[in-house]
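Dear colleague,

I am handing over the structure below, and after it I set out what was found in it. Please read the notes with the structure open beside them.

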Amino acid sequence: MAVRTASWALLGLLFAAVGSAAERPTPPIPIVDSLPVATDARLGGDESRTRFVMDFSRKIDLHAFTLADPYRVVIDIPQVVFQLPPKAGESGRSLIKAFRFGLVMQGGSRLVFDLAKPARIEKAFVVDAADGAPARLVLDLQLTDRESFLRKVALDSKSVRADLPRADGPNAKTSDPRPLVVLDPGHGGIDTGTKGPSGEEEKDIVLNFAQRVRDRVEKTGKYRVLMTRTDDTFVPLADRVHVARDAGAALFVSIHADSLPHGEGDAQGASVYTLSETATDSEAAKLAEKENRADVIAGVDLKSEPDDVAGILIDLAERETKSFSMQFAHKLVGEMKGVARLHKTPLKSAGFRVLRAPDVPSVLIELGYVSNRQDLQLLLSDSWRNRTAESIAQAIDGYFNARGTGARAGTN
Ligand SMILES: [Zn+2]
């Protein structure tokens, strides 16, 4: 503790002059009273050492660990409200190239630091507020070599897996025999997805839309519905698949609304994707690549799926699942074409990570392109959303009717 106090004194000197409170804009979001608030952040150091400091309204707990390729440091903290200066984290200093922050799960926020070189976490702690200064999170990094860095990552990774959200909600185990439909609104939290010209965010559009689909599917009384997220929370891609599998899903529907750069094909209208190892066209490949990047954005390690487990069994299940996924995709296009504008080739396949459950028929719907003005207008229109959500609910019902409702419920 004596050491920490000493370094804290130095720290105060080092950072007293940077980032004055007067420059900070008035917070645009109402503060949730009970949550700690992060108010400022700053960096200091040289080639071999870097210190990061973040001010908080009160003391919090933290858990820090490292990730490789690219080199990153991640700090998990309880859910906090971030009220940092507008460009906080966009540029870095010495060992830290940049950092980002956001809500990753209910009750949990995360800081992710992109490192310029492999570095060792020398210290990571929080000091209490004292003498009029706020509580402060302090991260000290020291330059290290790749081998030492990787060794530390291997040690850290065990505890990281234990921290990820689990599918043990009320829906996980139930005696309800009705088929379970998992709806997966893309993105969330720190990962906003595509942004429209006036700041419309894909994560909001798809959450709102998924809720409309949920309401309609639930209203039939024939199915249970589980959402991979019901609020603005980041959920890693692998966990979306885990949620579906652990809960025994009979169908998985991921919902997105994306953009493509100008000149990248005729990006207009809705598309329905099933899984393939090779995308049907370059547009599809680009989209899959973009969606799969979500986990990198939030700094989560993706190496969570053992690839070689029971290969043959998985292969058999996959073939059956693929054919069911295709049946559902056809139903979707059939129902949607009457009410929603569809892409000129609406049925596509691509290597989306969320479609990889070997035993849950899965599709990904791109509702339209946020970057296309007409598509965006539809995406934001109440009546279009309702019509399209209804058509998807119809397709879900049609799919199960064709298979005999509940035939596979509870067997997954
Ligand atoms: Zn998306």
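In this predicted model, 8 of the 8 residues of strand β7 (residues 108-115) are buried, so the strand is largely enclosed by the rest of the structure; buried means under 20% relative accessible area, with a 1.4 Å probe and protein chains only, and strands are DSSP runs of E of at least two residues, numbered from the N terminus. In a regular strand the side chains alternate between the two faces of the sheet. In β7, G108, R110, V112 and D114 point one way while S109, L111, F113 and L115 point the other, and all are buried.

Two strands pair if DSSP finds at least two bridges between them. Strand β4 (residues 72-78) runs antiparallel to β7 and is joined to it by 7 bridges, with I75 opposite L111. Strand β6 (residues 96-105), also antiparallel to β7, is joined to it by 8 bridges, and there R100 has V112 as its bridge partner.

Rings of Phe, Tyr and Trp (its six-membered ring) pair if their centres lie within 6.5 Å, with planes under 30 degrees apart counted as stacked, over 60 as edge-to-face and the rest as tilted, and by this rule there are 11 aromatic pairs. The ring centres of F52 and F113 are 4.7 Å apart and their planes are at 75 degrees, so this pair is edge-to-face. Because F52 lies in strand β2 (residues 49-56) and F113 in β7, the pair ties together parts 61 residues apart in sequence.

Residues are numbered from 1 along each chain as its sequence is written. Local features need pLDDT of at least 70, side-chain atom pairs count only at pLDDT 80 or more, totals for chains, interfaces and linings use all residues, and side-chain values use heavy atoms, leaving out hydrogens and water.

Best wishes

Technical notes
Buried means under 20% relative accessible area, exposed over 50%, partly exposed in between (1.4 Å probe, protein chains only). Helices (H or I, at least four residues) and strands (E, at least two) are DSSP runs, numbered from the N terminus.
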